[in-house]
Amino acid sequence: MKKNFDVIIAGGGPAGLSAAIIAARNKCDTLLVESSKAFGYPIHDSGATFSEAIKDFNLSKGVITNRIDGVTIVSPKGYVVSTKLGEGIGYILERRELNRELAKIAANEGVEIKMPVKAVSPILSNGFVAGLQTKELIGGDNIEYKSKLVIDATGVNAVIAKAVGIHPGMSNIRWAIGAEYEMTNVELDNPNFIELYFGSQIAPSGYGWIFPKGDGVANVGVGITHISNERINPFKYLSRFIKEYPVTSKKLKNAQPLEYHVGILPIGPMFDQIVSDGLMIVGDAACQVSPHLGEGIRFVMKAGEIAGEVAVDAINKNNTSKNNLTQYEKQVKKEIYPNYRLLYKIHEYACSKDDESWERTIKHIENLIESNSGKKLIIKAVRGDISKWDFFTNTHILAFKGIKKILGQKWM
Ligand SMILES: Cc1cc2nc3c(=O)[nH]c(=O)nc-3n(C[C@H](O)[C@H](O)[C@H](O)COP(=O)(O)OP(=O)(O)OC[C@H]3O[C@@H](n4cnc5c(N)ncnc54)[C@H](O)[C@@H]3O)c2cc1C
């Protein structure tokens, strides 16, 4: 059995698979270990993304379950604001299919895949990560694989990052917990609009959602940020959202569950250090989701691609030192999150809002989307493309007034 590789990737989610594809495509001898019995199983997210995810990563239509054209936002008291944002601006992905498609591409590029195999700990040599200790989950064998470079893409587990001490620990980051049912017989006002619900009774410091998948099927969920030390029971909020909240209980009166999904989302702040000698961390393991909305898929895939490119460069130069790998850190900040601080502030601000303040905010959003410039600004904000500069440009002067009301004076 082959036990030496250029690059080993721990974790076969969107981040790890994207890194593996780039590394293998560029002639690196690449191993990927995945602890689950199937790619994309169990599902732990809702699969909502912008259309760029399909174009930028050359994905097939097979990963799409529904087209998204607009959004409906609902206040704690049930005030509804609905707007078209653009035909096909986003998609709901078939999450299992996304990971399967990426795994097939990886296999075609020559990645060796081992599953269900758990990455247990790093092998260290002269201070460098030089491979992985793994455990075969069928058969129980412990196997050592050696490599010049390891990429930790194990999601919230961040197994290798924690072992080498570059993960600050879950108690030092903000995280959210989400629970959702995929349901059938959901009665939607518009089958191509996502619905977002705000309020302390729905999802404190978070939001509830209905993401339509077509044919009366939708993902119905809640995501709650863990801010106080109080234990959060997302299932309790989800049940209330489905059965008791007046707006949703009407739409869901005939709905029945098809699947239950639950997951933890590391929100941030994104780590400053995501490399070490012989190691890069990517995706949820490095807190690379957009902090203001918790959208991760397209961001972690981009980060995975950058990690893959930097891995290729490091292998070709025979230099996997931390110093050489810092180009990955720099590129993530520059290419994915030039405005990360602003997005994180939006997250903090949203978490601090009470129900009355959400009522006002949702009415301001309604005013804002009446103008084209306001709508464009909202789209930029949701995408995570917004910058401080957007607040000051003349073209967005009307929108600026609205946003200023939403965010308050303190950031202006
Ligand atoms: C409730 C919820 C809803 C969400 N909704 C959305 C959404 O609608 N849109 C969006 O864009 N993002 C969403 N996200 C965020 C998105 O799910 C993540 O950002 C994204 O999946 C991160 O990808 P990843 O590859 O870094 O990690 P993961 O997808 O978690 O993949 C990690 C992989 O590593 C494997 N693994 C773990 N430990 C080991 C180990 N020790 N050894 C080997 N393999 C291991 C796991 O089995 C898994 O396959 C949501 C998250 C949650 C929690």
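Reply: Helix α1 passes α7 in a right-handed crossing, where right-handed means that the near helix is turned clockwise from the far one by less than a right angle, and left-handed that it is turned anticlockwise. The model is predicted, so that local features need pLDDT of at least 70 and side-chain atom pairs count only at pLDDT 80 or more, whereas totals for chains, interfaces and linings use all residues. Residues are numbered from 1 along each chain as its sequence is written, and side-chain values use heavy atoms, with hydrogens and water left out.

Two packed helices are described by the angle between their axes and the distance between the axes. The axes of α1 (residues 14–25) and α7 come within 7 Å and cross at roughly 35°; the axes are lines fitted to C-alpha atoms, for helices over the stretch in contact, and the angles run from 0 to 180 degrees between N-to-C directions. Helices (H or I, at least four residues) and strands (E, at least two) are DSSP runs numbered from the N terminus. On the α1 side, Pro-14, Ala-15, Ser-18, Ala-19, Ile-22 and Ala-23 meet Val-300, Met-301, Gly-304, Glu-305, Gly-308, Glu-309 and Val-312 of α7, with contact taken as heavy atoms within 4.5 Å. By class, the residues of this contact divide into eight nonpolar, three polar and two charged, where Ala, Val, Leu, Ile, Met, Phe, Trp, Tyr, Cys and Pro count as nonpolar, Asp, Glu, Lys and Arg as charged, and the others, Gly among them, as polar.

Helix α7 (residues 297–316) also packs with helix α8 (residues 322–336), at an angle of about 150° and with the axes 9 Å apart. The two are therefore roughly antiparallel to each other, given that angles under 35 degrees count as roughly parallel, over 145 as roughly antiparallel, 65 to 115 as roughly perpendicular and the rest as oblique. This crossing of α7 past α8 is right-handed. From α7 the contact takes in Phe-299, Lys-302, Ala-303, Ile-306, Ala-307, Glu-309, Val-310, Asp-313 and Ala-314, and from α8 Asn-324, Leu-325, Gln-327, Tyr-328, Gln-331, Val-332, Glu-335 and Ile-336. Ten nonpolar, three polar and four charged residues make up the contact of α7 with α8.

Side chains of opposite charge can pair when their charged atoms come close. The whole structure contains 20 salt bridges, each being a side-chain nitrogen of Lys or Arg within 4 Å of a carboxyl oxygen of Asp or Glu. In one of them, Asp-6 and Lys-148 meet at 3.1 Å, N to O, and the pair links distant parts of the chain, with Asp-6 in strand β1 (residues 4–10) and Lys-148 in strand β11 (residues 142–152), 142 residues apart. Asp-6 counts as buried at 14% relative accessibility, whereas Lys-148 is partly exposed, at 40%; buried means under 20% relative accessible area, exposed over 50%, and partly exposed in between, with a 1.4 Å probe and protein chains only.

A second bridge joins Lys-77 and Glu-356, whose closest N and O atoms are 3.3 Å apart. Here too distant parts of the chain are linked, because Lys-77 lies in the loop between β5 (70–74) and β6 (80–84) and Glu-356 in helix α10 (residues 355–368), 279 residues apart. Lys-77 is exposed at 65% relative accessibility, and Glu-356 is partly exposed at 43%. Arg-100 and Glu-97 form another salt bridge (4.0 Å, N to O); being three residues apart in helix α3 (residues 95–109), they are separated by about one helical turn. Arg-100 is partly exposed, with a relative accessible area of 42%, and Glu-97 is partly exposed at 26%.

As for the backbone, a cis peptide bond joins Tyr-41 and Pro-42, with omega about -5°, and Pro-42 lies in the loop between β2 (30–33) and β3 (48–50). A cis peptide bond also joins Gly-268 and Pro-269, with omega about 0°; Pro-269 lies in the loop between β16 (256–268) and β17 (275–276). Asn-126, although not a glycine, has a positive phi of about 50°; this residue is found in the loop between β9 (117–125) and β10 (128–136) and is exposed, with a relative accessible area of 77%.
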